[in-house]
Amino acid sequence: MNEASIRNVVIVGGGTAGWMAAALLSRALGQQLQIRLIESDEIGIVGVGEATIPQIRHVNQFLGIDEDEMLRATHGTFKLGIQFNDWRRIGDSYLHAFGDIGLPLGLLAFQHYWLRSRQRGDARDLWAYSINAQACHANRFARMERVGSSPLTGIRHAYHIDAGLYGQFLRRHCDPRTVQRIEGKVVDVTLRAADGFIESVTLQGGETIAGDLFIDCSGFRGLLIEGALKTRYDNWQRWLPCDRALAVPSERVEPMRPYTQASARPAGWQWRIPLQHRSGNGHVYCSQFMSDDEAAALLLANVEGHALAEPRALRFTTGMRRQCWNRNCVALGLASGFMEPLESTSIHLVQSGISRLLALFPDCRFEAALSDEYNRQTRFEYEHIRDFLVLHYRATERDDSAFWRHCAQIEMPDGLARMLALFRSSGQIFRDGEELFTEVGWMQVMLGQGIEPARHHPLADALGDAELDGFLANIRTLIGRAVATMPGHSRFVAEHCRSAG
Ligand SMILES: Cc1cc2nc3c(=O)[nH]c(=O)nc-3n(C[C@H](O)[C@H](O)[C@H](O)COP(=O)(O)OP(=O)(O)OC[C@H]3O[C@@H](n4cnc5c(N)ncnc54)[C@H](O)[C@@H]3O)c2cc1C
């Protein structure tokens with residue numbers, strides 16, 4: 001610690017973003033920091049955000065959280081991927097399964113061997129070589145690092161969680177010596193006259209809370225980053241046009257699927273997320289093409305089991321803040337931007353924002369080089385996720401509604417255009433640096449959306465026909481055997497992490 005070290009951190013907002021920031025910062029920096037988290041019960045949290053991606057397991061590891069304990073506390077279930085229905089054409093379905101598919105041979109990625117086999121007349125799809133996909137089809141789950149003693153990687157999982165409970169669970173994992181919760185509504189923000197940095201926030205009762213570093217986790221309103229600092233927002237609706245969502249819980253149904261469902265609808269799409277005590281449902285749509293009443297009726301007509309409440313309406317503008325770190329304020333969660341929940345990336349963006357902040361943790365001089373780097377990396381991450389999401393909409397063959405005809409005309413971001421051209425011509429995919437989605441993720445969505453490579457890599461021809469058939473058959477056999485040993489998802493949950501309520 002030196003004189004310039006940051007000692008006081010003020011977090012505004014107690015949703016998933018606020019409590020995740022408090023828990024991770026207090027664990028990483030310990031008693032060097034005093035963290036005060038201000039939240040308002042009157043305002044509440046957004047309360048959706050129930051599907052995650054496998055990286056969330058790093059949060060558990062870092063905080064020393066037992067996975068089963070977390071799932072019990074959040075009525076959680078396991079997630080092995082997302083099933084996309086009716087996106088390319090009505091009646092079509094594909095998975096974006098987590099984890100690897102097949103096995104590379106030497107330098108060459110697996111898809112080239114599969115493509116070659118297909119060109120020889122083998123009708124099996126790519127997902128025959130994904131253990132996650134096969135477990136999804138069978139509604140089974142088990143923790144499995146490897147497929148038997150083979151080099152094939154095993155199950156890679158994430159969670160479905162009750163969003164209302166997850167933040168509270170993280171709160172219980174904050175060190176009370178470092179983190180203090182303050183109930184109250186921020187009504188004013190005072191900026192330093194000299195440099196426009198945030199000096200303090202004022203609560204409704206008049207109390208003033210000063211800090212060195214402010215973390216804006218106030219949700220869509222972006223109370224500090226936008227309200228006080230006027231950072232401005234890049235609107236991405238021309239790429240991601242949906243701007244509303246309705247969320248409704250419904251009765252739990254069997255089978256309890258180990259995956260999220262995302263089914264395209266005439267002006268957007270609908271999610272189904274299985275939890276232990278209920279299902280989460282939501283309809284994301286574009287208000288230019290559908291009224292709120294129509295959207296609600298469509299949602300309610302498509303929930304499984306009875307709806308347990310009236311649909312809750314949310315409005316959003318897809319995009320991101322021009323700077324997620326501005327002066328002494330870092331925005332996380334919905335305050336930093338939102339790209340709709342199609343690939344369940346928002347909670348992950350909170351997590352990666354916090355780890356980036358820790359890596360670039362400033363002192364009270366707030367050198368611009370640190371915030372510039374933070375903003376550069378954040379934009380890189382956001383833009384690559386955006387391009388991946390655009391792929392789902394843009395590569396559609398649907399023309400049955402004005403919305404889908406509009407989507408087929410969406411301007412293609414450069415990075416996406418490059419990715420598609422390369423895959424179409426040669427079956428090649430290269431992940432761009434540290435971008436979130438892997439080659440395997442891109443490949444599944446491209447193939448699922450009907451993007452077909454013209455050829456495989458010539459190196460795949462080095463294998464004789466019989467060797468190729470044997471190589472592929474062996475992978476299928478190993479995966480089939482491994483999945484047959486797994487219990488049903490419901491049974492696994494009941495035996496390992498059944499919640500009390
Ligand atoms: C329709 C929809 C579906 C989603 N689905 C997913 C998903 O499946 N997976 C995923 O990863 N993410 C999803 N998300 C995103 C996810 O919900 C959020 O990223 C996550 O919940 C974090 O929210 P937050 O903490 O930033 O904001 P919020 O939950 O809105 O919390 C804001 C906090 O700020 C406080 N606050 C606001 N103003 C004040 C004030 N003046 N004074 C004091 N306190 C204040 C509030 O009380 C609250 O505590 C979804 C989002 C939407 C809209």
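Me: What makes the group of 148 residues a nonpolar core?
Reply: A nonpolar core is a set of buried Ala, Val, Leu, Ile, Met, Phe, Trp, Tyr and Cys residues joined through side-chain atoms within 4.5 Å, and the largest such set here has 148 residues. W87 and Y393 have the most contacts inside it. Helix α1 (residues 16-29) gives the largest share, nine residues; helices are DSSP runs of H or I, at least four residues, and strands are E runs of at least two, numbered from the N terminus. Keep in mind that this is a predicted model, where local features need pLDDT of at least 70, side-chain atom pairs count only at 80 or more, and totals for chains, interfaces and linings use all residues. Numbering starts from 1 along each chain as its sequence is written, and side-chain values use heavy atoms, with hydrogens and water left out.

Me: Which residues does Y393 touch?
Reply: Contact means heavy atoms within 4.5 Å. Not counting residues up to four places away in sequence, the list includes W87, L240, W269, F403 and W404.

Me: Why is L370 called partly exposed?
Reply: Buried means under 20% relative accessible area and exposed over 50%, with partly exposed in between (1.4 Å probe, protein chains only). L370 has 21%, so L370 is partly exposed. L370 sits in helix α10 (residues 368-394) and, leaving aside neighbours within four places in sequence, is in contact with W325, L360, F361 and P362.

Me: What classes of residue make up the lining of the second largest pocket?
Reply: Ala, Val, Leu, Ile, Met, Phe, Trp, Tyr, Cys and Pro count as nonpolar, Asp, Glu, Lys and Arg as charged, and the others, Gly among them, as polar. That gives nine nonpolar, eleven polar and six charged residues.
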